[in-house]
Amino acid sequence: VFVRNIIAIPERKCKCFIVGFTDENYFKELKRVFQRSHYMKKNIRASVSDIFFSFQGEGLYVGKPQIFVRFTDCNLSCKYCDTSKNRIADDKPLLTVGQVIEKIKKIRTSIPYPLSTISITGGEPLLRISFLKELLPKLKTCGYEIYLETNGTLPDNYSEVSKYIDITAMDIKLPSENSGGVYRNWRKRNLCFIKSLSKKDFIKIVLTDETKESEFKKAVNLIKKVSSDIPVVFQPATSVRKIKTVGPEKLYKFLNTARRRLKNVSVMPQLHKLLWKIK
């Protein structure tokens with residue numbers, strides 16, 4: 001039983017075991033992974049931190065009313081992350097697909113005007129691929145438009161559910177902004193993801209005062225390699241903890257660099273942070 005179950009542990013969890021735990025901590029972590037794993041085949045559940053109504057605060061569709069389904073867990077650890085408390089699934093409710101849909105319906109009936117868009121966000125929602133493969137087609141059957149927010153590092157998972165997604169907001173997370181260090185093959189993963197985007201989709205890059213020009217240029221060139229017509233939004237990071245947002249001079253320099261290579265670029269801050277100070 002132990003050998004059969006260990007295969008189901010996500011890759012990022014396996015790395016923890018390679019480092020090694022001792023005695024009680026080892027088995028405590030092992031138990032947590034088994035309980036929270038989205039690979040559970042019977043009565044599949046996922047850890048969801050929030051399901052709520054709000055207005056989209058980022059990117060090209062800013063201001064659009066949506067119902068947000070926010071999953072826990074992420075395969076990255078961005079320094080400017082404003083939902084870092086959701087990176088760990090502990091103490092967050094495990095919901096079935098049916099429970100998620102019921103919560104969405106309850107919110108929908110409480111809104112006094114037509115509302116048809118569901119934002120699938122996180123964390124990194126594509127980590128919950130087995131759950132999404134059950135949830136998304138049912139949401140489409142209910143007539144909802146699916147809006148996915150993703151860090152663009154899981155192209156294989158995306159390919160399994162892309163047919164259900166109407167709009168994809170893909171981030172390119174620059175390696176130096178990841179507090180866990182440079183993650184491997186980021187350009188290869190992002191390139192593969194970008195190639196699968198449709199005309200309604202767009203790419204977002206968050207900029208801080210520590211953003212490296214060399215990484216920024218690599219990201220822009222990566223987008224151009226696929227198509228210079230892809231819409232790209234540069235988002236000045238909302239200052240959080242010790243992270244400061246990009247300054248106006250540096251932002252202007254980045255913008256000019258991008259405009260020489262891409263046709264559709266813009267700058268847009270997080271509207272919901274400016275107006276309501278909410279996440």
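Colleague: Quick one to start: which residue follows α5, and what is its phi?

Modeller: In this predicted model, helix α5 is followed by G143, and the phi of G143 is positive, near 95 degrees.

Colleague: And how far does α5 itself reach from its first C-alpha to its last?

Modeller: Helix α5 covers residues 129-141, which makes 13 residues, and it reaches 18 Å from its first C-alpha to its last, close to the 18 Å expected at 1.5 Å a residue.

Colleague: Which residues in α5 are buried?

Modeller: The buried ones in α5 are I129, F131, L132, L135, L136 and L139.

Colleague: OK, on to the core. Which residues of the largest nonpolar core touch the most other members?

Modeller: That core has 58 residues, and I120, L135, I172 and I203 touch the most other members. Helix α5 supplies the largest share of this core, with six residues. Apart from it lies another core, of eight residues, including L76, Y80, C81 and V206. As a general point, nonpolar side chains tend to be buried together in soluble globular proteins.

Colleague: What does I172 touch, leaving out residues up to four places away in sequence?

Modeller: With those left out, I172 touches W186, N190, I194, I203, K204, I205, A219 and I223.

Colleague: W186 is in α7, I think; what does that helix meet in α8?

Modeller: From α7, the residues W186, R187, N190, L191 and I194 meet E215, K218, A219, L222, I223, K225 and V226 in α8.

Colleague: At what angle do those two helices cross, and is the crossing left-handed or right-handed?

Modeller: The axes of α7 (residues 186-194) and α8 (residues 213-226) come within 9 Å and cross at roughly 35 degrees, and the crossing of α7 and α8 is right-handed.

Colleague: Changing topic, what is the strand order in the open sheet?

Modeller: The open sheet has nine strands in the order β3-β1-β2-β4-β5-β6-β7-β8-β9, and its pairing is mixed. The edges are taken by β3 and β9 (265-267), each of which has a single partner strand, so one side of each is left without a neighbour in the sheet. On average, and with direction ignored, neighbouring strands of this sheet are turned by 30 degrees against each other.

Colleague: Why is β2 described as largely enclosed?

Modeller: Strand β2 spans residues 65-71, and six of its seven residues are buried, so it is largely enclosed by the rest of the structure.

Colleague: How does β2 pair with β1 and with β4?

Modeller: With β1 (residues 45-55), strand β2 pairs in the antiparallel sense over seven bridges, where D50 has R70 as its bridge partner and F55 has P65. With β4 (residues 117-121), strand β2 runs parallel, and four bridges join the two; here F68 stands opposite S119.

Colleague: What stands opposite S119 in β5?

Modeller: In β5, Y147 stands opposite S119, and β4 pairs with β5 (residues 145-150) in the parallel sense over four bridges.

Definitions and conventions: Residues are numbered from 1 along each chain as its sequence is written. This is a predicted model: local features need pLDDT of at least 70, side-chain atom pairs count only at pLDDT 80 or more; totals for chains, interfaces and linings use all residues. Side-chain values use heavy atoms; hydrogens and water are left out. Buried means under 20% relative accessible area, exposed over 50%, partly exposed in between (1.4 Å probe, protein chains only). Two strands pair if DSSP finds at least two bridges between them. The expected span of a helix is 1.5 Å times one less than its number of residues. A nonpolar core is a set of buried Ala, Val, Leu, Ile, Met, Phe, Trp, Tyr and Cys residues joined through side-chain atoms within 4.5 Å. Contact means heavy atoms within 4.5 Å. Axes are lines fitted to C-alpha atoms, for helices over the stretch in contact, and angles run from 0 to 180 degrees between N-to-C directions. A crossing is left-handed if the near helix is turned anticlockwise from the far one by less than a right angle, and right-handed if clockwise.
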